[in-house]
Amino acid sequence: MESGRIEIPFEECNKQGWIFALANRLGHDMKTYARRYMKSKFVAQGKDFDYSYYQIASPSYSLDLVDEAELHEEGAKTDGISNDEAYWIGFFYKYFTLALSLSNEQAWEKIPFDRMRAFYAEYGAKSKDEAGAELSALLRRELTAAKPRVVLLATGGTIAGSASSADAVTGYRAGALGVDELLAAVPELKNVAEVRGETICAIDSKDMTDEIWLRLAACAGELLASDDVDGVVIAHGTDTLEETAYFLHLTVKSDKPLVLTGAMRPATALSADGPMNLLEAVRVAACKEAAGKGVLVVMDGEIHSARDVMKTRTLGVGAFSSPTFGCLGTVDAGAPVFYRTTARRHTTRSEFDAAALPRVDILYGYAGDDGTLVDTCVRAGAKGIVYAGMGNGSIPADAEKALAKAAAGGIAVVRASRTMSGAVVSAESSYESAGFIDADTLSPQKARVLLRFALGKTSDREELRRIFREY
Ligand code: SIN
């Protein structure tokens, strides 16, 4: 081992620290990597491998002398990566950090290990200088390529909520934080997209109004029509998020991603869910696969269609689901993945425009309902009533009489269900002859949104039925 011994100063050993980082990052035995790397370096120079070099670099590891066969065997056991591959990957991480002026951390973040192995498969046969030059140019192009441009529209809600203590998840002020504070809380957004913010309003979403809906639809539509915007995210209170989402699903004429998100815990809470929801919503708004799928809702790692999603829990994260059909996809491990789409009409295929909409009320069915409230709705000027009936939209006899009278007087009556899941389909012949319309799989609150748009165009019962079949 003495012959051909080369001395390497400590600083030089230290410079090679990145190979240890590589090993650690991969969760593998650092010792094996160090041995391999150093041995390959020495062998390349026609020198014997001097283990004292390794001991200087990492004195905490005491090394037994191992032979080449043992190194290979150990390497194969620990990670299945060949010496060549480990050496090549290590070389290029170093090369890229220099050529692209990346820190080690940035290199790890931007050029994941799987990608390096794919590079090895494609370029490993070339000389390292040649492959290095080609790959550096490719990565430089990618890293400097313009990121998707996403606009965040803030409307208030718990996602922008502020409480007096970190353990308070109720009794907070919704919409207290400005849009810039929402963005500043998630610095990781800059890795995904260029995000800028605008404020539409700062309300508790229980107080959502038609005026805000119309303004929001106009603003989102205008932004999405611009060549400078690739997607829009709306931060919204969770209480009426599903209604706003469906309103926009029926009116915004764009195929570009429009995504709503919110939070169940205020921004000041321990384990606030808003920052991750916002990051995931931006990831979805920035991804090409989200285009043409209608308005989406991203909450708690799930991507839902605006048509199907509901808030199904009062408190706690995981409060959103699509009870009848399930979510469209997920944002697991940071990557949006879609599994299905909605077949019903929306956005660019919708026949509706945002405009002043008629009054439609919802009545909630209960045992013993005598229909008195139907008259209240009629007197209040409702042009339509959605009845959240039992089971398959069943209506108690007295309430049915009152609704049939209202329908005969020109009020559109839609039968929905209070069960929260499943379709309302044709049932009693008396419902048909009274001219009631089936809500299909729309919740009462979504049926109300659709009926308002529909009544803005027609009061013809068959046309209304067609609309409920198509949307
Ligand atoms: C709201 O809907 O504005 C308050 C509740 C929430 O955002 O979770």
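Is Phe352 buried or exposed, and what is its relative accessible area? In this predicted model, Phe352 is buried, with a relative accessible area of 1%. The cut-off for a buried residue is under 20% relative accessible area, so the 1% of Phe352 falls within that class.

**Aromatic pairs**

Searching the whole structure gives 6 aromatic pairs. Two of them are set out below.

| Pair | Geometry | Centre to centre | Angle between planes |
|---|---|---|---|
| Phe119 and Tyr123 | edge-to-face | 6.3 Å | 90 degrees |
| Phe352 and Tyr471 | tilted | 5.0 Å | 45 degrees |

Phe119 and Tyr123 belong to helix H8, which covers residues 113–123. They are 4 residues apart there, about one turn of the helix. Both Phe119 and Tyr123 are buried.

The pair of Phe352 and Tyr471 is placed as follows. Phe352 is in the loop between strand E10 (337–338) and strand E11 (360–364), while Tyr471 is in the segment after helix H19 (461–470). The pair therefore ties together parts that are 119 residues apart in sequence. Tyr471 has 0% relative accessibility and so counts as buried.

**Cluster and charge over a ring**

Phe352 and Tyr471 are also members of one aromatic cluster, together with Trp213, Phe247 and Phe453.

Phe338 has a charged group over its ring: the charged end of Lys293 sits there, 4.6 Å from the ring centre.

How values were computed
Residues numbered from 1 in each chain as written. Predicted model: local features only at pLDDT ≥ 70, side-chain atom pairs only at ≥ 80, totals over all residues. Heavy atoms only, no water. Phe/Tyr/Trp six-rings, centres within 6.5 Å; stacked < 30°, edge-to-face > 60°. Helix = DSSP H or I, 4+ residues; strand = E, 2+ residues; numbered from the N terminus. Buried < 20%, exposed > 50% of the residue type's maximum accessible area, 1.4 Å probe, protein only. Lys NZ or Arg CZ within 6 Å of the ring centre and 35° of its normal.
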